[in-house]
Amino acid sequence: MASEDEINLLVIVVDVNPIWWGQQAQREPELTLSKCLDAVMVLGNSHMAMTRTNKLAVIASHCQDSHFLYPNKNWRGGDNGGEDASSSGDGKYELLSVANNLIAEEIRNVMTKTEVRGNSTETLLAGSLAKALCYIHRVSKEVEVGQEIKSRILVVKAAEDCARQYMNFMNVIFAAQKQNILIDACVLDSDSGLLQQACDITGGLYLKIPQKIALAQYLLWVFLPDSEQRSQLVLPPPAHVDYRAACFCHRNLIEIGYVCSVCLSIFCNFSPICTTCETAFKIQLPQMVKPKKKKLKQST
Amino acid sequence: MASLSEEVLLVVKKVRQRKQDGTLYLMAERIAWGPEGKDRFTVSHLYADIRCQKISPDGKAKIQLQLILHTGESTTFHFSNESSALKDRDAAKELLQQLLPKFKKKANKELEEKNRMLQEDPVLFQLYKDLVVSQVISADEFWANRLGDMNNSDPTPYNNKQDVGISGAFLADIRPQTDGCNGLRYNLTADIIESIFRTYPAVKQKYGENVPHNLTEKEFWTRFFQSHYFHRDRINTGTQDIFSECAKQDEKGLKSMVVQGVKNPLVDLLSLEDKTLDEGYGVSTTTPSTSNANRTVKESSNAAIIKRFNHHSAMVLAAGSRKGQAAQMGTRGILTSSSLLLNPFFSLAIEYEDLQRENRLKTVALNLKKSDRYAHGPVPLQSQHYTTSQDIINSVNHIRHEMVNYKPNLTQVLSSTAASSAITALSPGGVLMMTGTQQAINQMIPTEVQGELKHLYAAAGELLRHFWSCFPVNSPFLEEKVMKMKTNLERFQMTKLCPFQEKIQRQYLSTNLTGHLEEMLQTAYSKFHVWQTRRMLRKT
């Protein structure tokens, strides 16, 4: 093959929130974290097997931090291969077996180091996405001059959205849009408005899976093809995204509201003073029509 | 034959046309010629049809008058009366000169205007085809609405003549021709005469004084051209030329201009352009501007020529705006110059940013009291799942326990039943693919049908606009119009809408394309019905 092949980089961000997965394991034992990771590994292997120049990265998104499962420093550092007995046995493409082993080892490390903290129970998804973007940026700088690289991010989401990450999330989404990086989302449990917006803005696919045990099939069918190939395939159509803003006073979603022209804060009702920037506003009331006085008849 | 009620303005006997003797009659609206002895007219032309008239030159033996029509035909009349041929011909010429301009081009203009409007606006043309050609409304109604709008928006009437400007080279354009024996012929037309009068009011004054009492027109002009006034160097201003006074007046005028000074160093060329109100309408008056006449000159022949040129240019510029603006010239001039210097375009040309004082922009600081409101997105407050600390501890322990011995088991990831159910869900028609079947309407309807629908909307919109503009019905004219529009709408529905509906039904297009149109028409009908019942009630 010519060396001008396009490099396709797929970054998979897996939500490994221990609290959600622990509860999930008690609710529905069919899909555990192990099974989820197996499915993700299958997808990663398939991606790397498609073309020799395809690259992969896997990030685990935890509630404490975000961790690179693959590639990581151990692999960069030295040789591999002969040390692991499992890799040499079945004649598998070495890159795939190395990757799998590394991922497994890293996730074990990550999960054993999990501490119990009551205040942070949410997945740090925005941080993981930011790390993914930085990694993509670094890789695209490291390739040879003239070599094209196309990247996309796949988010496998388990837990619910965190409202506090909204600003960071939106920044990440717009940065991805500027860099032409697609963000796809595969949602296991509850719909996520933030990810819907991310997919809509960057041009990726959003899918909420009806059957969790068939996760691998969904991943392979929908998320394995890259953006060029997707135009040739019949894939689930994009869903309607609710872009309504929420008012600053009640946090209700509104369609028509009042916007302060100074600080751009949104309100659902008119108030003469903006509570955010304390600017005073006047609004014209409809003119009152004065009743005409009738002339009294002069009686002679 | 001439109707008896026609007023005869002039009768000229012994006029030959096509080698036949006869009499020429000039009536109120036409010119006619009948052969001698007969009492009918062989030749008759309406003044409206005549484009222009020509006369034979003075030296020729035959004294003739030629009429050229708009169609290009021409008729020649030969005045053959021995004694008074020239007088007759001149009398006829004078009368025609007065009458022709009145009848010029009245009829054609409207038709030309209509054609132009139809050609320029394809939408209008389509509307015309839809409504008039298919006889939904008559052509008169269509144009009544269109031209009425046009005329109502412009207050000035249609036949306002535009002011003609003055060419700077009008004197040079006269271009004398050598007459063979040491003489010069100057061809003066009415336009040139008017330009001379407007530029040099002194000459006009002289003309008014001397013609026709002392000199004939021809003599006046001959003297004019002979005078040194007209020639380049005006050294001999002391002769008893009637134009020597003009020369003195010009000197005075130039001096006063020098004294006034230049009001506007930047000649406002823009004020000289044709600021038309609309096509064919008058020119808005412009403010005068002075030329660069701010120089002291020495009394030498070269200087005299330069002075003449300057004066000529100044008079030409000033003549274009001498229409009663003299009183306002002073204040207006100052205003325009100062406002011009404030004009950002000019200030860019004359001023340099970095040579001026620095102006810091005054800014107002944004004072936010509650800036954390921006951090939250449009995520409404949802009921959070409350996890007890016990739950947390349990979950974490469980997961730790599970993952401590994690080994990827890639051969048992997916069962075939799970896989096949997932595939059915993802195939067209499956659970996840449902929303995709609603295709956009514009992909299902062929383009000709779409185009026809657009035309229908344009035509219906036009009719409905007229209908709704009749309300509230205040006058009997509006009442009539409302009823007419209702019948028009019904006719439109029958002739245009129903065939279209049938057509799309035949093509098995199940979408309801005309529902909205019908709804609009129904609203119009119900409004009409309500109005009609109210009117009946009021009458009874």
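What covers the buried residues of helix 7 of chain A? The cover includes helix 6 (125–142), strand 5 (182–187) and helix 8 (193–202) of chain A, where contact means heavy atoms within 4.5 Å.

This is a predicted model, in which local features need pLDDT of at least 70, side-chain atom pairs count only at pLDDT 80 or more, and totals for chains, interfaces and linings use all residues. Residues are numbered from 1 along each chain as its sequence is written, chains are lettered from A and ligands numbered from 1 in written order, and side-chain values use heavy atoms, without hydrogens and water.

Helices (H or I, at least four residues) and strands (E, at least two) are DSSP runs numbered from the N terminus. Buried means under 20% relative accessible area and exposed over 50%, with a 1.4 Å probe and protein chains only.

| Feature of helix 7, chain A | Content |
|---|---|
| Buried residues | A:Tyr166, A:Phe169, A:Met170, A:Val172, A:Ile173, A:Ala176 |
| Exposed residues on the face turned away from the buried side | A:Asn171, A:Lys178 |

Seen down the axis of helix 7 of chain A, the buried residues fall within an arc of 160°, so they line one face. The arc is taken from the directions from the helix axis to the C-beta atoms. Just after this helix, A:Asn180 takes a positive phi of about 55°.

Between the chains, A:Leu33, A:Ser34 and A:Leu37 in helix 2 of chain A meet B:Ile399, B:Glu402 and B:Met403 in helix 12 of chain B.
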